[in-house]
Each structure stands twice: as structure tokens, then as C-alpha cells.
Amino acid sequence: MACHFSILFFLFLIALSFAIADDVSLDDDDSSPKTRGCSNKFQLVKVKNWVDNVEGESFSGLTARFGSSLPSDVEKGHKLTAVFANPANCCLNSSSKLSGSVALSIRGDCSFTTKAEVAESGGAAALVVINDKEDLYKMVCSENDTSLNISIPVLMIPKSRGDALNKSLVNKQRVELLLYAPNRPVIDFSVILLWILAVGTIIVASLWSDFTNEHTDERYNEISPKIFIMMDNAYYLTVHSCFLKFMVIGGLTGRLISSELPKKLMSGFSGRTLLESPTVPSDRDDSEKEVLDISAKGAIVFIITASTFLVLLYFFMSSWFVWLLIVLFCIGGVEGMHNCIVTLVLRKCRNCGRKMVNLPLFDEVSILSLVVLMFCVAFAVVWAVHRQASYSWVGQDILGICLMITVLQIARLPNIKVASVLLCCAFVYDIFWVFISPLIFHESVMIAVARGDNSGGESIPMLLRVPRLFDPWGGYDMIGFGDILFPGLLISFAYRYFIYCIH
């Protein structure tokens, strides 16, 4: 029961994950006016910065619809001194010396084009507008800007980055910026690797029972009609719509109990009548293998519960809440990795699990299981401590894949009706929280949670991620566990039913 509870709980959590990259959308805003001097495409800009000749962490900006373009190669860029305009909104001629420097301005009080014209007239080499939010706003022209001739680059940066630059300037430190707009590669190889990981997880989970020699008789009570006949010696015959399968032991005498079976196949049979059974008899009960069959009602409750968790995350997202999810992810990852390693070891050496040790509160425990558990706990702790490191994605993916393989072994779809209910509910779940929720909450709840607003820099760990090694922008390609498990449940069910049919 504890295993069932933990798997159900993690199913609720993984439904909250959503595949999203931490990028600014570059889709052109077709509704904005495009006039002479105001028809540029929006470009992501990489901003390198130095404070007193000490290089800091690079960050991103977004160019305006107007102004000159930036070089795509960092070697062609120029390191320029940053100066805050005075007044800070750059709506009037600045009293600060802007000649040959990058002018910094806060957003508001006048149009973006006015700020750019004031900065250019002061001799600035570029204008950087600091947004009042963390998002990057697309700076466009107004309907009155019919003929612009702005010849300096204009871009916007997030509020937190602007505040950091302003703090350094207030402390009388020298701030230098280098602006360039590198091009992204045509092919993102990280997406291919991520696809291989996701598809490979589903394939391994579906074939796991065959690979580890764990076979149980399956029950498919609603995918096809079943006809049972009680024989004189208490044996039975089962007929499926996809094929005829006869299991007749003892006397071949019986009596037809369903009109679905052709009478010519039953001529000469006699026996006791048995009502049509809802399940196929099984030599071993599912509970012995801790298999949890999802019901149609359970599928609906699952989606409702997942929606509740999502709303709670949206309103109460904080660093401690994400930390709670990290702890729960580690517990689930440890359980999944322990299950996978022990199963693989026992497949090669069945006698390895026979050595036992007595522990307080746990009675007899397999030495193999104890050693593997200690390794898995150490692995999860090391990942949690170094989760911000550049290589932490490897540990996160290993824990996540092991967890999903275990979930797909324990949580199963019993028939195609439940599969249809679950996937339809998941479809409505995604559509509602991504596209319809902005009408109620004024923003997409799913995207806000995935973006990690108010999470203190932490991110939800219930996803696979692969770094963009060949992308100058860096970042990660990600896919949520829910996007793997939902189709994985259906594919695993289809494979088990196929094996059941041919055997």
C-alpha cells in the first residue's frame, strides 16, 4: 500500500511539469505598425558586462523594431562604458555625458522612440532600456512615427539586470558593456538527444517485464468481448474478438453460454452454465506484483487533483515550495533507481538477494537491497547539493528516468476505455491551463509555474533536460514527465495486450 500511495502522489506531481524553454519568444508582432525606419525583426541580444574590469555573468536583451542592427560575432562588438541618463527616463536631453557610451534608461514617461532620439542626440553609441518587469517587452513604434532615422542599437534588458548595473554605478564603479546578437544553429542536436531519452524511457519501460523475466497474466476486461464456458471438470474456454483461444483440459464436453460463439464450434459440448466473466482468470494476483490499475474515475480525480496542485503552485510558488518538490523528487528518484538496480542485479545473479541482515524496526532486510539503497540515497543527495552545477542535468535525468520506468511498471491502464478517458482529460488539462487560463488569471498559469516566477531561482525538477551545447545562447531543452508518462501508459498497455494476444 505504501508503494501505491507514493506512486499516486508522484503521478500528481509529475502532471505539473511542462516542457518549456527559458527563451524569449521572437515571433514578430504583426499588429504593431511597420513604417520606414521601424521594420526591424526582433533579435535576442547577448550582453557581456565588466565591473571594474572584472567580467560578470552574461545576460540577454531584446532589440527594438527600430534602430541599427548589432554584430552577430562577439569579436566584431565593442566594449563601451555604460552611463545612466539624467533624467533616468531619457525623455529630455541628458545632463550626463553620453558621448561614445551605452546610455541606460528606465522604462516609462515617454515613447521608446523618443528615448532613442534623445540618446542619439547626446552622442550615445547605444541605448539600453531597463524594463520594470523581468519579461522582455517588444519595443515598437507608435502610429505617429511615420519616418524614423535612428542609427544606434536600441534594446531592452530585465529589471533585475538593470538594477544590478545601477547599483554598481551608484557605488562609483566602472561598468562596461559589449553587445552582440549571435545566430542560433539551424539544427538543435539537444532536441534529438532529448527525444531519444523520452522515447527510450517508454520503450525500456514497456519491455521491462520481458527483459527481467517478470511475467504475469494480464486482465483486459473491456477491450474485447470474452465468452466463458464452465466445463464438467471446472475448466474454461475463452474466446476473444481478435482471435480464438481455447483452453480445454479434461473432458471436452460443455454447453454454449453466449450467442457470440458460433454454434458449430460448440456442437456436441455439454456442461454447466457460467455467466460472462469480467476478467480473465490469473494464476497470480496483481497485488503480489504491486500493480495499480487506473480506473476511469481515478483518471478524472487525478486530473482534478493535478489542477489543484497547479493552482496552489501558481498562488504560493516560493523557494521553500520548490524545495519541497525537490525533496519529493529525490524520494521518488531513490525508490525508482533502487527498484531498477535491484531488478537488474537479480536478473544476473538470483542468489545475490538471499543474504539477509536484521535491522531494528525493519526486521530482515536483503544486504543487496540495503547496499543499493545507500548508493541511491547518496546519488540523490549529491545531485540535490550540486543541482545548480552545469553537469547536474545528468543526475536529474537518471533519477527521472528510473522513476518513470518504475511508475510505468506499477501504474497501468486496464483497458482502452480508461486510456481514452485519461488522455482526453490530459488534453483538456493542457489546453485549459495554457490557453484558457489567461482569460481568468490574466496570464497562462501553466507557463507561469513552469517559468518559476517567485521561486528564488529554483526550478521544478520533474522534467528531463539536456543542455544546448552548440547554441551560443546556452540554456536547456526540457520535457515534463507528464509528456512522457501519459503516452507511455498507452504504449505500455498496447504492447502488453499484443503479447497477450499472440501468446
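Select Cys-376 to begin: this residue of the predicted model is buried, with a relative accessible area of 0%. Cys-376 takes part in no disulfide, and the nearest cysteine sulfur, that of Cys-402, lies 7.6 Å away.

Next, select Cys-90. Its relative accessibility is 0%, so Cys-90 counts as buried.

**The disulfides**

The whole structure holds 3 disulfides. With the bonded cysteines numbered in sequence order, they pair 1-4, 2-3 and 5-6. Cys-90 is in no disulfide; the sulfur of Cys-91, the nearest from a cysteine, is 7.3 Å away.

Display Cys-38 and Cys-141, a disulfide whose sulfur atoms are 1.7 Å apart. This pair connects distant parts of the chain, 103 residues apart: Cys-38 lies in the loop between α1 (2-14) and β1 (44-51), and Cys-141 in the loop between β6 (126-130) and β7 (154-157). The torsion about the S-S bond is about 110°, so this disulfide is right-handed. Both Cys-38 and Cys-141 are buried.

Move to Cys-91 and Cys-110, which are joined by a disulfide with an S to S distance of 2.1 Å. Cys-91 is located in the loop between β4 (79-84) and β5 (102-106), and Cys-110 in the loop between β5 and α2 (112-121), 19 residues apart. Here the torsion about the S-S bond is about -90°, so the disulfide is left-handed. Cys-91, at 15% relative accessibility, counts as buried, whereas Cys-110, at 23%, is partly exposed.

Then select Cys-349 and Cys-352, a disulfide with S to S 2.3 Å. The link is right-handed, with 95° about the S-S bond. Cys-349 is partly exposed at 30% relative accessibility, and Cys-352 is partly exposed at 30%.

**The aromatic rings**

A search of the whole structure gives 13 aromatic pairs. One of them is the edge-to-face pair of Tyr-314 and Phe-441, 5.6 Å centre to centre with 70° between the planes. Tyr-314 belongs to helix α5 (residues 296-316) and Phe-441 to helix α10 (residues 438-441), 127 residues apart.

Phe-441 is partly exposed at 21% relative accessibility, while Trp-433 is buried at 7%. To see the cluster linked by ring pairs, select Tyr-314, Phe-315, Phe-432, Trp-433 and Phe-441 together.

**Charges over rings**

Finally, select Lys-79 and Trp-50: the charged end of Lys-79 sits over the ring of Trp-50, 4.1 Å from the ring centre. Arg-107 and Tyr-137 complete the tour, with the charged end of Arg-107 over the ring of Tyr-137, 4.1 Å from its centre.

Technical notes: Residues numbered from 1 in each chain as written. Predicted model: local features only at pLDDT ≥ 70, side-chain atom pairs only at ≥ 80, totals over all residues. Heavy atoms only, no water. Phe/Tyr/Trp six-rings, centres within 6.5 Å; stacked < 30°, edge-to-face > 60°. Helix = DSSP H or I, 4+ residues; strand = E, 2+ residues; numbered from the N terminus. Buried < 20%, exposed > 50% of the residue type's maximum accessible area, 1.4 Å probe, protein only. Lys NZ or Arg CZ within 6 Å of the ring centre and 35° of its normal. Disulfide = S-S within 2.5 Å.
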